[in-house]
Amino acid sequence: MVVSDRIESAPGSSKRSSRKRLAILDAATEVFLRDGYLGTSMDEIATLSSVSKQTVYKHFSSKEALFVEIVSSLTDRTGDAVHAEMPPMQEAGDVATYLEAYGYRQLSIVLTPRIMQLRRLVIGEVSRFPDLARVLYERGPQRAMGELADLFSQLAADGLLAVKDPAMAAVHFNWLVMAQALNQAMLLGDDAIPTPAEQRRAVKEGLAVFLAAYGVKR
């Protein structure tokens, strides 16, 4: 049943509006990731979110605007989960333990089926939405590299890593721990996403190579 679109002045109407917006975003994410941009119907999004099509357009002016919002918000939330929620390095006890936890967190979050589906979708629509692909890159991989570079700069200043070029060290770390698993998942589909045990092994072995190059020799 379609929820009433009547604008209410009573207290709580803004909360109801927010709930409708979130319901639309959730439904739209499901449909876009399943059917692609061209295959997505605003009518189906309205039905799945239990609002009218008019309400969908009240919150999002077009299908393109809704698509942009989904890509931007999913990318931002993924980056926040990787970087903003890591415990301080002091809690890990040593740099190797911390970087292993950091690498596994990054890899396991990026390799979730929803994020893989989002990446494939944006890549498939890059000619139609080049600016959106740039958003995904800047708020995803580029942000990850920047966060890692800042981390390595601080660890080098603390005498825990031997890093002269933090940005290049970030590239090396990122691809040593992520390249094989990420390419496998991107190209072969969700069924090819490595298991948690395989991801941990990839991180551990990639980190060993990284520390051979950047670890402090005692």
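# Close-up views of a predicted helical chain

**Figure 1. Salt bridges across the whole structure.** A search of the whole structure finds 13 salt bridges, a salt bridge being a side-chain nitrogen of Lys or Arg within 4 Å of a carboxyl oxygen of Asp or Glu. The structure is a predicted model, in which local features need pLDDT of at least 70 and side-chain atom pairs count only at pLDDT 80 or more, whereas totals for chains, interfaces and linings use all residues. Residues are numbered from 1 along each chain as its sequence is written, and side-chain values use heavy atoms, with hydrogens and water left out.

Figure 2. Read from the N terminus, the order of elements is α-α-α-α-α-α-α-α-α-α. Of the 218 residues in the chain, 42% are buried. Here buried means under 20% relative accessible area, exposed means over 50%, and partly exposed lies in between, with a 1.4 Å probe and protein chains only.

**Figure 3. Packing of helix α4 against helix α5.** Helix α4 (residues 63-83) packs with helix α5 (residues 95-110) at an angle of about 160°, and their axes are 9 Å apart. This angle makes α4 roughly antiparallel to α5. Axes are lines fitted to C-alpha atoms, for helices over the stretch in contact, and angles between N-to-C directions run from 0 to 180 degrees. Angles under 35 degrees count as roughly parallel, over 145 as roughly antiparallel, 65 to 115 as roughly perpendicular, and the rest as oblique. The crossing of α4 and α5 is right-handed, a term used if the near helix is turned clockwise from the far one by less than a right angle, while anticlockwise gives a left-handed crossing.

**Figure 4. Packing of helix α4 against helix α8.** Helix α8 (residues 141-157) packs with α4 at an angle of about 20°, with the two axes 10 Å apart. The helices α4 and α8 are therefore roughly parallel to each other. Their crossing is right-handed.

**Figure 5. The salt bridge between Arg139 and Asp76.** In the pair formed by Arg139 and Asp76, the closest N and O atoms are 3.1 Å apart. Distant parts of the chain are linked here, with Arg139 in helix α7 (residues 130-139) and Asp76 in helix α4, 63 residues apart. Arg139 counts as partly exposed because its relative accessibility is 33%. Asp76 is also partly exposed, at 28% relative accessibility.

**Figure 6. The salt bridge between Lys204 and Glu100.** Lys204 and Glu100 form a salt bridge whose closest N and O atoms are 3.2 Å apart. This pair, too, joins distant parts of the chain: Lys204 belongs to helix α10 (residues 196-214) and Glu100 to helix α5, 104 residues apart. With a relative accessible area of 48%, Lys204 is partly exposed. Glu100 has a relative accessible area of 25% and is therefore partly exposed.

**Figure 7. The salt bridge between Asp190 and Arg120.** The closest N and O atoms of the salt bridge between Asp190 and Arg120 are 3.0 Å apart. Asp190 sits in the loop between α9 and α10 and Arg120 in helix α6 (residues 113-124), so that the bridge links distant parts of the chain, 70 residues apart. Asp190 is partly exposed, its relative accessible area being 27%. Arg120 is likewise partly exposed, with 25%.

Figure 8. Salt bridges link Glu30, Arg34, Asp35 and Glu44 in a network. Asp26 is placed in helix α1 (residues 13-39). Asp26 is exposed because its relative accessible area is 53%. In sequence Asp26 and Ile70 are 44 residues apart, and their C-alpha atoms are 8.8 Å apart in space.

**Figure 9. A nonpolar surface patch.** Met168, Val171 and Trp175 make a nonpolar surface patch of about 260 Å². Patches are made of residues with over 30% relative accessible area and no salt bridge, joined within 9 Å for like charges and within 5 Å for nonpolar side chains (Val, Leu, Ile, Met, Phe, Trp, Tyr). Accessible areas come from the Shrake-Rupley method with a 1.4 Å probe, and for residues only the protein chains shown count as cover. Met168 lies in helix α9 (residues 166-188), and its relative accessible area of 40% makes Met168 partly exposed. Val171 also lies in helix α9 and counts as partly exposed, at 31% relative accessibility. Along the chain Val171 and Ala144 are 27 residues apart, and 9.4 Å separates their C-alpha atoms.

Key
Helices (H or I, at least four residues) and strands (E, at least two) are DSSP runs, numbered from the N terminus.
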